[in-house]
Amino acid sequence: MNCELLATCSALGYLEGDTYHKESDCLESVKDLIRYLRHEDDTRDVRQQLGAGQIVQNDLLPIITQHRQDKALFDACIRLMVNLTQPAMLCFGKVPDDPVFRFHFLQVTSHLQAYKEAFASETVFGILSETLYDLLQLDWEQRQEEDNLLIERILLLVRNVLHIPANPNEEKKVDDDASVHDRVLWALHMSGFDDLVKFLASAQSEQQWSMHVLEIISLMFRDQTPEALVSAGHARSAEEKQRDSQELESLRQKEHAEKRSRTLQRGTRHSRFGGSYVIQGLKAIGDKDVIYHRNLQNFKNYTHDMGKAVRCVPKRNRKAQECKDKRRSALNVRLFLREFCVDFLDNCYNRLMYLVKENLIREQSQQHDETYYLWTLSFFMAFNRGNGFRADLVSETMTIRAFHFIERNITNYYEMLLTDRKEATSWSRRMHLALKAYQELLLTVNEMDRSQDETIRQSSSVIKSNVFYLMEYREIFLTLLRKYDETRQPHSYLKDLVESTHLFLRMLERFCKGRKNLMVQRKNVKRKKSQGKKQQSAAETSPEALEETWKTVEEELKAAGFQLSESLTESIVPFDATSETPLEEQRTEAMVRVQDALLARLGPEALGLLRAAREVWPEGDVFGSADVEPEEELELLKQILHANLPRPSPPDTGVEEDEDGAELEEEELESVQVSETEFNFLDFIKRFANPSIVRPYLLLLKSYSKNTPHTNHCIARMLHRLAVDLKMDALLFQLSVFHLFNKILSDPAAAAYKELVTFAKYVLNRFFSLTAQNNKAYVELLFWKNVGAVREMTEGYSKDGEGQKPTWTEEEEEELRKLYEEHRDSEVPDIVETLLPLLSNSNRNRRQVVTQLVRMGLVDNAKELKKPKKGTRIVLWTEEQEEELQMLFEEYRDSDDVLGNILKKLTAKRSRARVVDKLLSMGLVSERRELYKKRSRSAQGKSSGKGMTEEEFLAELTQGFPDDSVDRDDEDEREDESEESEEEDDEEEERERSQNGGRRSQSMNSPVERRADVGTMVYALHQAGMSGPLLWLQNCLNKTAIDRENDGLSQPVPLFPVTEASEDAMENKSFLRLLRKLGMRAPADEQECFWRIPAKISASQLRSTAAALSPREDEPGEEQNGSMSPAREPQQVEDEEDSTEQRAQALRALLLARTRKRHTSEDTAPVSAATPADDTDTVIERSQEKTSTKRSRSRVLDDDEEENEDDSTVMDMDANGDDDSDREDISAPVKRRRKMVLIDEEEDED
């Protein structure tokens, strides 16, 4: 021992007889030892030296037993012993592979085993129990932090002592004899520590120690089995006696058979000489026959492997090792443990398991603590089943949550078993523990079915219906059997897995027999190709089918009285505020969703969606008016059902689907769809007819002589289901299976395995009857067979050539090669379509030609020969096509829609952008503006500009002459759509183009309607006294717009109400409806409290939105007309021509005049009468609105922005007209004079 350690240990004190005399500096010496342990090296030298010096046995334990009154010294000793007794695995991290560190590991373990023997003392546990009892007597107010630490350390010390493994070399004792662990348990029991453990598990005020208590309990019962504890102190039952007699009978039969075989082998006359014999027909290494040098009695056991050295099995192929066997403890220990189990189930189990489960779910425990939970669940539920089953004692763990928790852990353990190869053994044991817990849940549910209480049987039925309904619980055993690996999972795991599967199938079969139709959940994994098949957009239904659908929906709605359930109303959401889809497109989608619900005959869903959409889009009464009657709603639904609504067309691929699709490689995406289907038990059993599932059963059957009768029955029952119920006995026609059957039939104790013998004879009879029909059956014995091979073996093999791919002769290959060489450089859009009609064999399809070209090496892969998509490769124009385009242009150049008419009549269908580019390159038009669709002028007065308001003029100007970017975007969109779709008929293209055009014109007009509706809502809120909140919202929008212009960044900005009025407004439904209308985002989840300005809204759109919040007068129409007519006279005189340039100049002049007028009105404001505060705010708001309007209008005329921004500018221009007309009444003559001057200045500048 190190001299410093030796001096420190000597300073603790000395033991004289049974009395320990401590030194004066004993406490400081204990603290020094703690400090030494903190700085020990990787070999744990300090720990080994203290263990070799027996400091725990000779110093620390006497100190705590004789000097307990010294609280500081007692605490320090407990702290030191907790450190010294911690497991060797924690000290080294794992079992070391290095021989040197393995030696140190074993040394530390041996010292721990010596500590455990020293703790097997009633005196030591008596001191610990008294100390813990005194601490638990203190109330929470009186208990200090040091007291809680001491409680935890005592619990940790007991846990460490119980965790120490037994020494197999020293404890070579028989059952019913007391081991060291038993003596520790007995000392723990005699000191009353087990009662304190039960108190900690049941007391509500001590729930923080729940994990420590669970660890102590699981280590107490480490060597026990529930069955041994249940039968402790009871006479053996008749079933146990019968089982033991069967075992004795089988052993007796084996012994008699061995004696009989030895008697037959022994000759009547003993020969002192051996012999040498030639075995005819059995060749040796050379060409000669084998020479046999032994007695003839042993000839039957001759094999070629005799005398060979046994080959060493590689480590990676060795079978997983079993855990140590359980042993039966002394009777007095088993009796007190049995009483502990009874008390624990009565008072502690449910509460403790609830606390531990909550800690595990909230991740407030340490790593792998769930293993203690799983062990406790399986052990005590098994004890409860054997000791007079009571369902209320284990109600906490008899829930669907428990099934889900265990199933999730099994999945996690298996994934870690595959990924963490170094710790595969540990993960395998944890997986086995979880499987045992799952098996115990099933056994308890099965026991509940036998209960006399009707409520318990109903609870069992509910649990079973949930377990059998969900796909995860139903197919877990299929997965575990298919993934079994004997190199990682031990034989005992396979035994429990087979028995659990047998129990589950028996329960499922019984559950299905009492029900005609059992609906279960099914998850379909659909694989979508990245460029998938063309989908049907909308079901083409006949008028008769629509009428029948409408009758069904009408009757359903009338029967319900047009009333909807609350859950249905809350679940329907027609509008997504966070989506980037424009409002009008979402309105169209909502209409389509209503129609889809009607086509699916879901009347309540369609009505609920209609009412929800009416609340979001009340303008225009598109979804009905607010006070609509039920009959009117019914008529509206009928119109929607029969309407031809525009639906987005999905993208297509041009690839045909043929038989040999494996040749073409395309990316696949998986999507899981959950649905319900009717369950068929026989179909479920068919999924077990797989070699990967049969092999584990046969692997377990190899140890039939060591298996329990129940295990052999489970194996035989599953094989019987496959061979007899499914008539797939050929699945077992395999040489290794027959070898196993031969071993069972020739076993001397075969009478003990009657079920296996009967089944083996049945399978062999079926095989030999099949050999009379199929002479290849003997060859089939060499292979494992799937379902298809079984069918061919029993029903006959397919004929030669069936199911094979079409072959190509040499002449056909040469013909294909020549044709490909001729047309390879011809620049045809699709070379495969060109080759198909030229082939001599007209039965060839596209896929076969592509496959053969790849196989011959003429092309690298099939992707090079994909069918061209529409609009991508038709770039070159022939002379005939150019002449046709010129003729069509001359014919329709004076029509309202030149480009639309040309696209309809073109023979070679091309995209809109291609046609426009060709017209420009041919010089037929000088700019794209000439191809825009002309406005339809309904009245002569409006066409000349007379009788029009300013807002109508602005709206007509912007709608009639949109900027180039809008149309260019439309062309790009059309080009993209055409590139993604396949070739269609002319009528379908015209219908799609008309729908797109209608949708585009609708989206152009939609902002105006939306702005009008916003104005109505703003006016209503002003009337309701919410001018302050509206001003606050407007300031927030303007401030955010300024920040985004300065920073160049866009982030969601919360709308934080700073006044009580603003807070009240954020709870007002009308105000929140306005926020949704403006595009504000509601709180996404419970983590968000405030509404937010989305990041996708640009600064210009924010200014436009802020401007839309300005108040409007009650009747702006008359004042607008009256005030604007004199102010517009000069402009009307100059706007008589239809020139676009003059209209633009007039608009710029008008905007500039308004800007200067605003400054003039602000200068003259003090001269006028006193203005109230509200009017001042309105002036400020309108000035901001003017600035945004000016920017928006200039952008409409000059800039090339995106289409959605252009729509917002149109909304702003139409929206601000009323306010401006009211403002112009103040000084009309001054404005008229200034306006004339400004227009002249603009003309001079131009």
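This is a predicted model: local features need pLDDT of at least 70, side-chain atom pairs count only at pLDDT 80 or more; totals for chains, interfaces and linings use all residues.
Q: OK, salt bridges. How many are there?
A: The structure has 35 of them. A salt bridge here is a side-chain nitrogen of Lys or Arg within 4 Å of a carboxyl oxygen of Asp or Glu.

Q: What does Arg47 pair with?
A: Arg47 pairs with Glu40, at 2.9 Å from N to O.

Q: Are those two buried or exposed?
A: Both Arg47 and Glu40 are buried. Buried means under 20% relative accessible area, exposed means over 50%, and partly exposed is in between (1.4 Å probe, protein chains only).

Q: Which residues make up the salt-bridge network there?
A: Glu40, Arg44 and Arg47 are linked in that network.

Q: What about Arg68, which residue does it bridge to?
A: Arg68 bridges to Glu130, and their closest N and O atoms are 2.9 Å apart. That pair links distant parts of the chain, 62 residues apart: Arg68 is in the loop between α4 (55–66) and α5 (71–84), and Glu130 is in helix α8 (residues 122–137). Helices are DSSP runs (H or I, at least four residues), as are strands (E, at least two), and they are numbered from the N terminus.

Q: How open are those two side by side?
A: Arg68 counts as partly exposed because its relative accessibility is 26%. Glu130 is partly exposed as well, at 41%.

Q: And where does Glu440 find its partner?
A: Glu440 meets Arg385 in a salt bridge, at 2.5 Å from N to O. This pair also links distant parts of the chain, with Glu440 in helix α19 (residues 424–449) and Arg385 in helix α17, 55 residues apart.

Q: Why does Glu440 count as buried?
A: Because its relative accessibility is 6%. Arg385 is partly exposed, with a relative accessible area of 23%.

Q: Staying with α17, where does Phe379 sit?
A: Phe379 is in helix α17, and at 4% relative accessibility it counts as buried. Phe379 and Gln224 are 155 residues apart in sequence, yet their C-alpha atoms are 9.3 Å apart in space.

Q: Switching to the surface. Which residues form the negative patch?
A: Asp627, Glu629, Glu631 and Glu632 form it. Patch residues have over 30% relative accessible area and no salt bridge; like charges are joined within 9 Å, and nonpolar side chains (Val, Leu, Ile, Met, Phe, Trp, Tyr) within 5 Å. Asp and Glu count as negative, Lys and Arg as positive, and His and the chain ends are not counted.

Q: Where is Glu629 in that?
A: Glu629 is in the loop between α27 (603–616) and α28 (630–642). Its relative accessibility is 46%, so it counts as partly exposed.

Q: What makes the nonpolar patch?
A: Leu735, Val779, Leu782 and Phe783 make it, with an area of about 390 Å². Accessible areas come from the Shrake-Rupley method with a 1.4 Å probe, and for residues only the protein chains shown count as cover. Phe783 lies in the loop between α34 (777–780) and α35 (787–795), and at 46% relative accessibility it is partly exposed.

Q: Last one: why is helix α49 largely enclosed by the rest of the structure?
A: Nine of the nine residues of α49 (residues 1099–1107) are buried, so the helix is largely enclosed. Among them are Leu1102 and Arg1103.

How values were computed. Residues are numbered from 1 along each chain as its sequence is written. Side-chain values use heavy atoms; hydrogens and water are left out. The place of a charge is taken as NZ of Lys, CZ of Arg, CG of Asp or CD of Glu.
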